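I opened the notebook to look up the aromatic rings. The sequence and structure go in before the notes.

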Amino acid sequence: MDDAMVRIYIMGKEYKVPGNLTILTAMEYAGYKIKRGAGCREGFCGACATVYRFKDDYKLKADLACQTKVEDGMFLAQLPFVPAQMAIYDINKLKPVVGVFQELYPENFKCVSCNACTKACPQDIKVMDYIQAIVREDLARAADLSFDCIMCGLCAMRCPAEIAQYNVAILARRLYGKYLVPRAEHTKKRIEELDKGMWENEVRELMSISKEELKEKYTSRDREED
Amino acid sequence: MALVGGYTEKMWESIRKVEETRKDRCEKQYPAISLEKGEELLNKYHPDYKEGNTREIHVGPSKGSKVVQELADLLEAYPRINPDLIDLSKVDMETDVLIIGGGGAGASAALLASMNGAHVTLVTKLRIGDANTIMAQGGIQAADKDNDNPAIHYLDIIGGGHFDNNPELVKALVMDAPGIIAWLEELGVMFDKEEDGTMITIHGGGTSRKRMHSARDYTGGEIMKTLRDEVKNNSESIEIVEFSPAVELMLDEEGRAAGAILFNLETEEYLVMRSKAVIIATGGFGRLHIQNFPTTNHYGATADGLVMGYRAGLKLLFMDTVQYHPTGAAYPEQIIGQLVTEKVRGTGAEPVNAHGEQFVYPLEPRDIEAAALIREVESGNGIETPTGMKGVWLDTPIVELKHGKGFLEKNFPAMYRQNMRFDINMAETPILVYPTLHYQNGGLEIASDCRTAIPGLFIAGEVSGGVHGRNRLMGNSLLDVLVFGRRAGTTATEYIQGVSLGKPTLNHVKSYIKELEKLNIPRDRVAPMILPDYTRKETKEKQLTTNYLGTLW
Ligand SMILES: Cc1cc2nc3c(=O)[nH]c(=O)nc-3n(C[C@H](O)[C@H](O)[C@H](O)COP(=O)(O)OP(=O)(O)OC[C@H]3O[C@@H](n4cnc5c(N)ncnc54)[C@H](O)[C@@H]3O)c2cc1C
Ligand code: SF4
Ligand code: SF4
């Protein structure tokens with residue numbers, strides 16, 4: 001693969017690093033010990049939001065440091081914290097209606113449809129579309145579209161309407177999951193059985209038999225077809 | 001080097017062989033291995049069985065037992081702080097229940113303690129949610145379907161754990177499981193469901209019923225984001241302190257838990273945090289890179305809780321066994337070691353060698369599956385990458401042959417996206433995998449209500465040992481951290497009733513140091529680790545500082 005050295009500029013300062021590194025490992029190669037700006041290192045936690053630009057290109061790009069390969073001429077800075085507004089609520093007292101958002105996140109309704117959020121999202125989420133879906137009270141669509149959001153904050157940093165999209169989105173998903181999706185009846189049923197003390201004896205029985213008997217039962221157990 | 005669809009021409013030669021056998025494999029099922037043959041395979045190829053993998057430790061409550069080398073180095077190490085230099089009379093913070101760790105176990109403990117009326121402070125190393133929990137992709141087990149029940153779940157767990165699990169803990173796990181699923185639904189977690197609310201469940205390695213519940217391939221993410229949101233919404237009773245790892249526990253004069261010493265990562269101050277009860281929920285040890293394996297774990301998975309709990313007097317269980325996930329990414333270079341969730345095999349993907357041959361049943365328990373992959377590569381049937389890494393193929397396109405076009409992108413958005421970043425379309429070409437360090441099977445000894453040998457000290461989650469025996473099955477760990485996280489929160493709140501804040505001491509640390517001195521342990525061995533050290537040797541040689549150890553010695 002491409003292991004030639006490339007030049008990158010960490011907060012404007014030049015370092016030469018192998019071209020096959022990610023932004024995160026390149027910073028470590030350069031000698032940075034990361035405290036903020038790294039979490040899971042696998043693209044799931046949103047801690048390593050990074051903005052960058054190439055020499056002679058006016059466009060500001062955004063991505064995750066742990067999932068993005070360095071490229072020659074990258075000027076970069078990490079964005080380890082985004083000061084964003086988050087409403088406090090008791091989910092049990094809310095309803096899955098647009099009024100909740102009007103009250104908790106009134107700025108959500110000032111979206112100017114510029115699509116800057118969508119362009120910034122490292123998860124390729126249609127951020128503007130989920131914000132618009134909430135405006136139309138289509139929580140199912142908002143929940144579906146925003147599902148992969150890792151709450152990195154990059155969208156919020158680009159938003160002229162100063163919306164913290166990801167905080168609005170988690171509220172939408174929780175309302176949808178809690179109120180609009182039917183609960184699993186079979187789960188309820190099993191809990192009722194357990195409340196009545198069912199399965200206690202069966203489990204106790206397994207706890208009391210010898211290792212040999214357990215092994216026998218384990219190897220002869222049947223397996224549900226794929 | 002020219003790449004087509006993300007791969008070199010040499011790799012493509014092998015991919016073509018995988019394509020040739022795909023249709024045939026799709027129609028046949030490769031048989032599962034017998035218990036005896038499985039043992040044999042483990043003995044020969046599993047990293048746990050490698051000579052020199054473990055050593056006997058000479059200090060602390062489990063003195064004389066064998067633990068993996070990398071952990072032994074941390075247990076036989078000096079504290080970061082010199083206990084004589086810390087003024088314990090100057091208290092910086094106080095709380096009822098101190099929770100150490102902001103993953104799934106810590107967050108659920110916080111919610112239950114708060115619900116039961118305690119004032120909670122949750123301290124964590126990075127941000128709340130920067131944890132292994134948020135990375136879990138595949139799913140969570142619970143026996144909540146008609147053809148299943150807690151006893152069958154019990155049998156699967158205990159067999160997977162090689163019959164060494166603590167039965168009381170397993171019972172708690174299987175009996176609480178359905179309630180956990182309902183609790184998550186109640187909080188708004190979006191599980192994969194049928195229209196009528198029926199959970200879509202699949203098999204995982206070692207399951208005899210389809211009981212893996214999931215939220216696409218962001219199961220842990222969906223759970224963690226929801227729990228975090230709920231914790232933040234309880235800000236009146238739960239205080240969150242980020243970037244402040246605990247480095248040592250404090251005990252009072254009667255030997256009860258009395259708080260912890262925290263380290264502010266940014267200002268580098270050590271702070272005294274007093275509490276009536278302490279819950280350790282610091283997760284696992286993947287970042288110790290046991291036997292130099294790459295890892296799937298988050299940046300802060302460095303065994304700190306094991307070190308602190310052990311110094312305070314708790315025993316360790318099963319620290320000679322480590323879970324290697326059979327399928328870590330082996331290519332491209334940038335994502336080596338990152339997880340390819342078992343759920344991919346759960347929906348039909350198959351490990352295949354360089355010649356396009358299948359060599360193992362795809363859903364063996366993890367240790368056996370991993371050993372089979374290692375055998376294949378060590379016998380010369382692996383595929384080499386341009387950087388010299390070796391792996392085997394995980395045939396993913398076969399999943400779409402079974403379930404239809406578009407299935408992978410829809411059901412594995414995280415992994416699909418990750419590979420597409422490197423031009424690899426997993427719906428069209430297989431991906432290269434090799435075992436990666438994944439999970440700490442053992443840990444600190446606990447009872448089923450999360451009590452420990454130390455009054456006021458409770459433990460929950462991956463840092464604990466016993467529930468999974470010698471090998472955990474997929475989907476039982478997310479379950480574990482929620483079951484025992486909740487239990488710890490409840491038990492700790494019961495415990496603090498009538499307990500007043502004790503006078504904190506670091507006496508246990510002082511006597512531990514004496515033991516270390518007797519053994520002539522080198523002074524530069526310091527723990528807990530807090531963060532792994534990825535600084536290059538060349539850089540370090542020029543830094544001329546011990547700053548990273550942060551000690552007061
Ligand atoms: C990539 C991946 C995929 C997985 N997939 C699955 C799956 O599909 N199903 C399943 O059941 N399990 C899965 N697991 C396992 C499961 O996710 C974990 O075992 C579980 O989430 C651990 O939860 P926890 O709360 O105990 O620890 P964690 O979630 O790791 O949380 C521990 C927390 O403690 C903090 N901490 C550590 N040290 C200190 C300190 N000194 N002071 C303060 N805070 C500290 C950490 O930073 C972290 O926030 C997976 C694990 C990984 C890594
Ligand atoms: S929607 Fe916003 S916060 Fe979520 S992943 Fe995309 S950019 Fe990050
Ligand atoms: S950036 Fe803000 S204003 Fe622009 S589309 Fe997105 S949400 Fe709307």
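Are B:Tyr310 and B:Tyr512 buried or exposed? I found that B:Tyr310 and B:Tyr512 are both buried, where buried means under 20% relative accessible area, exposed over 50% and partly exposed in between, with a 1.4 Å probe and protein chains only.

I note that this is a predicted model, in which local features need pLDDT of at least 70, side-chain atom pairs count only at pLDDT 80 or more, and totals for chains, interfaces and linings use all residues. Residues are numbered from 1 along each chain as its sequence is written, chains are lettered from A and ligands numbered from 1 in the order in which they are written, and side-chain values use heavy atoms, without hydrogens and water.

I looked up ring pairs next. Rings of Phe, Tyr and Trp (its six-membered ring) pair if their centres lie within 6.5 Å; planes under 30 degrees apart are stacked, over 60 edge-to-face, the rest tilted. I got 13 aromatic pairs over all chains. B:Tyr7 and B:Tyr331 are stacked, because their ring centres are 5.4 Å apart and their planes at 20 degrees. B:Tyr7 is buried at 1% relative accessibility, and B:Tyr331 is buried at 3%. The rings of B:Tyr310 and B:Tyr512 have centres 6.4 Å apart and planes at 80 degrees, so I put this pair down as edge-to-face.

I also found a cluster of B:Tyr7, B:Trp12, B:Tyr331 and B:Trp393, linked by ring pairs.

Last, I checked charges over rings (NZ of Lys or CZ of Arg within 6 Å of the ring centre and within 35 degrees of the ring normal). B:Arg216 lies over the face of A:Phe147, 4.2 Å from the ring centre. B:Arg486 lies over the face of B:Trp183, at 4.5 Å.
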